[in-house]
Each structure stands twice: as C-alpha cells, then as structure tokens.
Amino acid sequence: MIDLHTHSTASDGTYSPSELVNYAANKGVTALALTDHDTTNGLLEAQKAAQELGITFVPGIEISIDWPTGEFHLLGLGLQRCSSSLKTIIDNLEEERINRNLKMIQKLNEAGIDISYEELKERFNTKNIGRPHFAALMVEKKLIKNRQLAFNNYFAKGRPCYVERKCAPLSEAVLAIEESGGIPVQAHPLSIYVSWGKMEETMKTIINAGVMGLEAWHPGVRVSEAERLEELSHKLGVIATAGSDFHGEKVRSDRHIGHTAGDKKISDKYWVEELKPALEKIHGGSIKPFTG
C-alpha cells in the first residue's frame, strides 16, 4: 500500500511532517509522497523520518495553477531540490496568500465575525495559512458548527468572504518542477470542471504544456471515473498516479491514508510501475534524495 498525495502542518494538514510519516508507516504505507500546498518546508523533516522507518519517501509539492474553470492543482513528485524557479513561485504564492488572507479578514470583520490575522498566525505555526485554517479557528471559537459550514456559508466561491486568488502559470510551474528534478502530475483532474466530452482534448493541451502524469485515483471521484482517467492517461502516453489527499482525520474523516477512490487501498503498482520508472529515467538511475 502506498500514497502519492498527502499534506502536513507545513500547509493545511493536521500532522507534522514526521508525525505524518510515522502515522503512514503504522497504517502499512510503504511509499509516501508529501505534497504540501505551495511549499517544500516539510520535506527534509519527513524524509529523515522515512529513512529512520525504512519506508520510501517521495518529496513533493502541490502548486495552485491559473485556470479558467474550477481548480487546477499541479503535483511535483520526486523533487531533488528547490530550484530558484520553484522558490520564486513559492515566494510569489506566499505573498499572494497573505494579501488574500488580509482581504478575507476584512470581509469577516465587516460581517461581524471577530477574527484577526494575528490569531491565525499564533494558532497555526505555518506560513501557508489558508481557508482551512480560517474554518478551523471559527469552529474552535464556536463561531460555526463545523468546517464545511464555514466554507458553505463564507469561503466557497460566490460566498460573502470569498476572495479570488492569483495562482501560478502552468508553463512556469511545469518548468520549475522539472528544474527541481521532479515530475509534474495533474492532481485530481476532474476538479477543473471539464466535461467528459472535452476531457481528452483538454488533457492533450495540458500534456503538451509539459505535464507528465494524471492523478487518476483520488477520493473525490468515483471508481468508474478513476478507471476512466487511468485509461485516458495511458492512451495519451503519460503516467497514472494515485493518492488519498490526506490532511488528517479532523479535516476529512472520510479520507484514509493509503486509500483512494471508493476507499480502495492504493496499489504498489502506481509507485513500482508508474512513478518510480519515470523518476529513475529523469534522475539517471537511482532516485536522488531531496537536498533542500
């Protein structure tokens, strides 16, 4: 059992990087990717923990991409380093995230909700504060019953405290991942809200921009859709990956580490037959560790 899409407290997960690795190992995961949102800050800690436990660690990142519909997230899997181009993207996204957060605070305060940015920074020890942290603090302060209601009532697109966010251009993110020694893989492709009738044409455009894989298996899709995405990825000549998008039980109790669409255990084949050979080709043989 493996998992190629997880999050830690370096972004919006609830386990620290080392805690996440230990948790995964205890659940029987033998290969694990840490793919925090727009940051590589947790990778060295997670990598050290994985080495101590003897499980395969895949250093990664999940980058928010500019796209006209839905949400486009790009995984960078197998990073060897944080290249200057990737660092620039991370820095730009961090600045944009802060500006967005301050605007959301203003909207919340105008709506009579007493939350400050200082509270958020003190409560969550991460540079990558985002909407999940806002929602968690509102629940802790008993301003709302649960996180999902916070999104439904305030933070989802079209809700009163939603603020549009500027993301990274696809071409720049692909290049930054490649220059960092990684493989760019489109996370949960159905989140870009493209109909199946236009899916193949759209995926061709994305692959032509340098994306080398599709995350076919994700808990946000049905098993039949995951199977269809895997078939499409191979038809288009790119790898298929699988992940849980695990953030912690307190965030999504229905998502289990090492499990994906239909709560199926993630087969080792998505590492052994898909991602690992592609990384070995790029790394020139043995896969190199992350150096920071």
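In what sense, left-handed or right-handed, does α8 pass α9 in their crossing? This tour of a predicted model, in which local features need pLDDT of at least 70, side-chain atom pairs count only at pLDDT 80 or more, and totals for chains, interfaces and linings use all residues, begins there. Residues are numbered from 1 along each chain as its sequence is written, and side-chain values use heavy atoms, without hydrogens and water.

**First stop: two helices**

Select residues 196-208, helix α8, and residues 223-235, helix α9. Helices are DSSP runs of H or I with at least four residues, strands are runs of E with at least two, and both are numbered from the N terminus. The axes of α8 and α9 come within 11 Å and cross at roughly 35°. Such axes are lines fitted to C-alpha atoms, for helices over the stretch in contact, and angles run from 0 to 180 degrees between N-to-C directions. The crossing of α8 and α9 is right-handed, a term for a near helix turned clockwise from the far one by less than a right angle.

Next, display W196, M199, E200 and M203 of α8 together with E225, R228, L229, L232 and K235 of α9, which make the contact (heavy atoms within 4.5 Å).

**Second stop: Q186**

Select Q186, in strand β5 (residues 183-187). Q186 has a relative accessible area of 0% and is therefore buried (under 20%, with a 1.4 Å probe and protein chains only).

Select E71, H73, R131, F151 and H188, the closest to the centre of the largest pocket among its 46 lining residues. A pocket is an open set of points on a 1 Å grid over the protein atoms alone, where a 1.4 Å probe fits, with protein on both sides within 12 Å along at least five of seven lines; lining residues have an atom within 4 Å of a point. About 1,600 Å³ of space lies in this pocket; the volume is the space filled by probe spheres set on the points, which are joined across faces, edges and corners. Helix α6 supplies the largest share of the lining, 4 residues.

**Last stop: the second largest pocket**

Select T14, R123, F124, E140 and R147, the closest to the centre of the second largest pocket. About 410 Å³ of space lies there, and α5 gives the most to the lining, with 5 residues.

Methods
Buried means under 20% relative accessible area, exposed over 50%, partly exposed in between (1.4 Å probe, protein chains only).
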